[in-house]
Amino acid sequence: MRSHFRACMAWLHTWTGVVFGWLLYLVFLTGTAGYFDTEIDQWMNPGLTIARPGQAQAEYAELALAQLQQRSPEAERWFIVLPVDRNDPLPRIIWRPQAPAAGGSAFLDPATGQPLTLSHSYGGQLLYRMHYELHYMPSAVGVWIVGVAAMGMLVALITGVVVHKKIFTDFFTFRPGKGPRSWLDAHNVLSVTCLPFFLMITYSGLIFFAFTYMPLIAAASYGDTPAGRQAFRAEVFEGGDTYPRAGRPAPLAALGPMLAQAAARWGDGMVNGIDIRQPGDAGARVMLWQGERTPLRRGEIMVFDGVSGELLETRPAAPAGAKAAHDLLLGLHEGLFASLPLRLLYFASGLAGAAMIATGLVLWTTKRRQRAERGGESPHFGLRLVERLNVGTVIGLPIGIACYFWANRLLPETLAGRPAWEAHMLFLGWGGMLLHAALRPRQRLWAEQAAVAALAYLLLPALNAMTSGRHLFASLAQGDAVFAGFDLAMLFIGAAWAAAAFKFRRAASGAQAGAERRAGSRRTAPASN
Amino acid sequence: MPSSAKSGTARSSTARASAARLDVLSRLLAAVAGGYLAATAVAMAVAALWPGPRAEGVMAATLLSFALYAGAVMWAFAARRARSAWFGLLAVAAAGALLARLLP
């Protein structure tokens with residue numbers, strides 16, 4: 001029974017891995033880039049002025065309010081994001097009119113307070129969003145596809161653990177240069193060392209859209225009616241509060257005194273969000289969100305009467321019970337609270353996840369090729385397809401991301417739809433590498449593509465120096481952590497690909513020699529066959 | 001699946017292969033659809049059984065539902081026969097739905 005169960009789970013692990021592997025690789029890679037989303041934003045928009053965190057909150061609030069008033073009077077909800085740390089480099093306004101009109105959002109130029117049209121680049125946000133809503137499709141469709149893949153990932157992780165007989169030994173086992181055995185060891189080491197991170201990131205990824213993926217549970221308790229849905233939202237996400245419209249107009253109270261009260265409680269410049277419900281109505285509420293980043297996602301919330309300006313209550317930072325578990329999962333996934341060392345650890349763990357998926361995909365092919373060659377049969381179509389798709393994605397996608405950065409520096413400023421073209425270049429670059437993988441001899445694929453990846457990343461700092469004039473040494477001298485950090489990261493990634501290229505080349509020539517030796521021995525001694 | 005279609009003495013290998021393929025397809029459907037129903041229904045029962053406010057129960061049950069779904073998927077592929085995977089998952093779904101319906 002035990003061995004039957006384990007065999008079933010091994011089968012399930014293999015096939016969920018192969019079916020979802022490439023998509024999950026994309027999700028892991030772009031999501032990992034997302035841990036440095038605002039830094040990538042800045043590198044890709046070198047002309048942008050970044051807000052100084054915690055500065056001029058009252059002025060930003062007034063300017064934002066004027067913009068919101070102009071764009072969406074009588075809205076159901078306004079939201080103003082004020083910069084307090086790296087997570088929000090720019091003030092931002094978000095509005096949701098009364099149904100059925102659609103809402104929107106805009107960034108504000110911290111220098112002028114005027115709305116910014118980001119015609120230069122979507123920066124790191126494009127990569128970050130791609131990891132949960134993909135690209136070239138409506139967001140809702142992408143979210144569902146990624147959700148299905150994440151469910152596959154969860155199954156692959158659990159079955160992967162079940163299949164393991166000696167999880168502790170695998171921590172310390174790596175036998176390089178032994179074909180499939182080495183790939184299996186690499187896959188195991190990567191999987192086992194970061195297993196808690198993978199479980200957390202996969203499960204919490206599902207929780208972001210839990211009520212979209214599993215809508216029937218809430219519907220069974222609250223009813224599938226607009227009133228039921230509203231009651232559910234209020235009870236689960238608003239601490240039981242609803243913000244009904246009174247229907248009588250009343251001017252919104254001044255935000256200045258509220259911000260002053262917040263400063264007295266939290267210290268200066270610590271308001272991260274101004275959440276305004278039913279502005280301009282007699283039932284208006286203003287909620288100030290504390291810019292305190294914790295794994296539980298949120299600091300305190302001060303709730304004010306939106307007309308009299310009176311403080312009604314201060315909601316505690318930590319929710320209780322199941323809501324706390326929910327917030328903790330989301331908070332750990334986003335890592336907004338992480339300082340630089342922890343952020344780097346997040347980044348490394350994300351890359352390890354991508355590498356775990358990549359080694360798993362390669363393992364699938366090396367095992368089957370070895371079996372085919374031992375049996376003397378020609379490798380079937382599926383094997384050859386997966387082999388080539390593996391190279392074209394495992395190395396092709398990182399090259400595509402490098403193309404995205406190259407396009408950012410090379411596309412003309414006047415190009416219509418410039419940010420969209422940057423994204424097209426990502427997919428053209430990736431597509432080009434898939435084409436390369438389809439056409440070139442199999443033995444050379446990995447070495448050639450790794451060499452391309454090495455060049456694409458190693459030359460980026462030079463490109464940056466030529467196009468932005470902010471070269472690495474200048475950035476280091478000025479203490480510009482974002483530009484210096486980006487250049488150094490590209491050099492590091494490029495160097496890693498270069499090392500991989502040399503390794504792949506050696507392995508390919510070794511395999512070539514081995515094949516010739518075997519072919520030679522067959523020729524000289526035909527009787528042995 | 002690792003050769004669950006055995007015991008066919010006179011059957012050709014192609015017939016065995018297509019039977020195995022049907023078996024996998026059936027289990028896949030059982031896992032995806034039956035597993036979803038079972039996970040949802042059990043989560044509904046958990047929400048109904050949860051002590052404390054309604055919002056807590058719904059939140060806790062929704063958080064758990066993905067683990068339940070993963071378990072259901074695994075069971076669909078571990079069951080001795082595809083038929084028992086279907087039967088088991090639908091039985092669990094029915095029991096969960098009944099419990100959720102009767103409790104509040």
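Visitor: How many helices and strands does chain A have?
Guide: The C-alpha atoms of chain A fill a box of roughly 100 × 60 × 40 Å along the principal axes. Of its 529 residues, 41% count as buried. The elements of chain A are 20 helices and 7 strands.

Visitor: What share of the contacts in chain A with a separation of 6 or more comes from residues 24 or more positions apart?
Guide: This question concerns contacts between residues with a separation of 6 or more in chain A. Among these contacts, the share from residues 24 or more positions apart is 66%.

Visitor: In which helix of chain A is confidence highest, and in which is it lowest?
Guide: The mean pLDDT of chain A is 91, and 96% of its residues reach 70 or more. Confidence is highest, at a mean of 98, in helix α15 (residues 396-410) of chain A. At a mean of 85, it is lowest in helix α20 (residues 481-524) of chain A.

Visitor: Over which residues of chain A is the pLDDT below 50?
Guide: Where pLDDT is low, the predicted coordinates should not be read in detail. The stretch in question has 1 contact in the model beyond near neighbours in sequence. The pLDDT is below 50 over residues 523-529 of chain A.

Visitor: Are α15(A) and α17(A) roughly parallel or roughly antiparallel to each other?
Guide: Helix α15(A) packs with helix α17 (residues 442-458) of chain A, their axes being 9 Å apart. The angle is about 25 degrees, and angles under 35 degrees count as roughly parallel. The two helices, α15(A) and α17(A), are therefore roughly parallel.

Visitor: Is the crossing of α15(A) and α17(A) left-handed or right-handed?
Guide: The residues that meet include A:I399 and A:A402 in α15(A), and A:V452 and A:A453 in α17(A). The residues of this contact divide into 7 nonpolar, 2 polar and no charged. The crossing of α15(A) and α17(A) is left-handed.

Visitor: Which helix supplies the largest share of the side of chain B that touches chain A?
Guide: The contact takes 24 residues from chain B and 29 residues from chain A. On the side of chain B, α1 (13-49) and α2 (54-78) each supply at least two residues. The largest share, 17 residues, comes from α2(B).

Visitor: How many nonpolar residues does the side of chain B that touches chain A have?
Guide: By class, this side of chain B has 3 polar and 2 charged residues. Its nonpolar residues number 19.

Conventions: Residues are numbered from 1 along each chain as its sequence is written. Chains are lettered from A and ligands numbered from 1 in the order in which they are written. This is a predicted model: local features need pLDDT of at least 70, side-chain atom pairs count only at pLDDT 80 or more; totals for chains, interfaces and linings use all residues. pLDDT is the predictor's confidence in each residue, from 0 to 100. Helices (H or I, at least four residues) and strands (E, at least two) are DSSP runs, numbered from the N terminus. Two residues are in contact if their C-beta atoms, placed from the backbone, lie within 7 Å. Axes are lines fitted to C-alpha atoms, for helices over the stretch in contact, and angles run from 0 to 180 degrees between N-to-C directions. Angles under 35 degrees count as roughly parallel, over 145 as roughly antiparallel, 65 to 115 as roughly perpendicular and the rest as oblique. A crossing is left-handed if the near helix is turned anticlockwise from the far one by less than a right angle, and right-handed if clockwise. Ala, Val, Leu, Ile, Met, Phe, Trp, Tyr, Cys and Pro count as nonpolar, Asp, Glu, Lys and Arg as charged, and the others, Gly among them, as polar. A residue is buried if 20 or more other C-beta atoms lie within 10 Å of its own, exposed if 12 or fewer, and partly exposed in between; C-beta atoms are placed from the backbone.
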